[in-house]
Amino acid sequence: MTDYVYGDVDGALVFIAKARAEQLSILRSDFATWGDAKRNLSPDTWAGVVEQFDAGEADVPADDEPYDLDAVPGHADGDWPAWPARDMLREVPAAVREKFGRVQDSVHNGSYLHLDAADEDEILEALRRHGWTCTRDDLLVEKASGY
């Protein structure tokens, strides 16, 4: 079973697997250098960073270069890493999406699932019926979402 964290991001609830939220939050940390990032990110997350540089036909910065996440191809455009509110379109059970969600379009990054924070108790109960274990952590979810 996957543990999820959720939080209120601008009046909408965002749910994300806890391990994924932690890695996205670490990725968005203020590392001093790329070497610091490499040492602190999980091997899978670091591999994703390297893949983005490769896909953008760019070199991974040297370990002693200052860390700047916008240097990763696709980050400044909002194309990478995946956006948790958009990921909810496939991760949140269909019955919950259909009852409580609205698919909305962002200006730059496509469609995402909006779950109104006012429906928190009902959404949590519905997700529990689907086997989800959810813990509220607004700060982690905001950072994982890029806020």
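These exercises walk through a predicted model of one protein, from its overall layout down to single residues.

**Exercise 1. Describe the overall make-up of the protein: which elements does it have, and in what order do they run?**

Solution. 
Step 1. Count the elements. The protein has 7 helices and 5 strands.
Step 2. The order is β-β-α-α-α-α-α-β-β-α-β-α.
Step 3. The C-alpha trace spans about 50 × 30 × 25 Å along its principal axes.
Step 4. Look inside. Buried residues make up 44% of the 147 residues. Take the contacts with a separation of 6 or more: 59% of them are between residues 24 or more positions apart.

**Exercise 2. Work out the strand order of the sheet, and explain why one side of S3 and of S5 is left without a neighbour.**

Solution. 
Step 1. Write down the order. The 5 strands form an open sheet, S3-S4-S2-S1-S5, with mixed pairing.
Step 2. Find the edges. S3 (101-105) and S5 (133-136) stand there, and each has a single partner strand, so one side of each has no neighbour in the sheet.
Step 3. Note the twist. From one strand to the next it averages 45°.
Step 4. Recall how strands join. Strands of a sheet pair through backbone hydrogen bonds, either parallel or antiparallel.
Step 5. S3 and S4 (residues 111-116) run antiparallel and are joined by 5 bridges. Val103 has Leu113 of S4 as its bridge partner. S2 and S4 are also antiparallel, with 2 bridges. Here Leu13 is partnered by Leu115 in S4. S1 and S2 are antiparallel too, with 6 bridges. Val9 is partnered by Ala12 in S2.

**Exercise 3. Examine S2: is this strand enclosed or open to the outside?**

Solution. 
Step 1. Set the cut-off. A residue is buried if its relative accessible area is under 20%.
Step 2. Apply it. In S2, 6 of the 6 residues are buried, so the strand is largely enclosed by the rest of the structure.
Step 3. Sort the side chains. Ala12, Val14 and Ile16 point one way. Leu13, Phe15 and Ala17 point the other way. Both sets are buried.
Step 4. H1 (residues 18-27) lies across S1 (3-9) and S2 (12-17), at about 100° to S2. H4 (residues 84-91) packs on the sheet and touches S2, S3 and S4. The direction of H4 makes about 85° with that of S4.

**Exercise 4. Take helix H6 and find which residues are buried and which elements cover them.**

Solution. 
Step 1. List the buried residues. In H6 (residues 120-129) they are Glu120, Ile123, Leu124, Ala126 and Leu127.
Step 2. Look down the axis. These residues fall within an arc of 165°, so they line one face of the helix.
Step 3. Turn to the face away from the buried side. It carries the exposed residues Asp121 and Arg129.
Step 4. Name the cover. It includes S1, S2, H5 (94-100), S4 and S5.
Step 5. Step past the helix end. Just after H6, Gly131 takes a positive phi of about 90°.

**Exercise 5. Trace the surroundings of Ser29: which residues does it touch?**

Solution. 
Step 1. Ser29 lies in the loop between H1 and H2 (34-40).
Step 2. Follow its side chain. This reaches the backbone oxygen of Ser25 at 3.3 Å.
Step 3. Leave out residues up to four places away in sequence. Ser29 then touches Tyr67 and Lys143.

Terms used:
Residues numbered from 1 in each chain as written. Predicted model: local features only at pLDDT ≥ 70, side-chain atom pairs only at ≥ 80, totals over all residues. Heavy atoms only, no water. Pairing = 2+ DSSP bridges. Helix = DSSP H or I, 4+ residues; strand = E, 2+ residues; numbered from the N terminus. Axes fitted to C-alpha atoms, helices over the stretch in contact; angles between N-to-C directions. Contact = heavy atoms within 4.5 Å. Polar contact = N/O pair within 3.5 Å; in protein donor to acceptor, adjacent residues only side chain to side chain. Buried < 20%, exposed > 50% of the residue type's maximum accessible area, 1.4 Å probe, protein only. Arc of directions from axis to C-beta.
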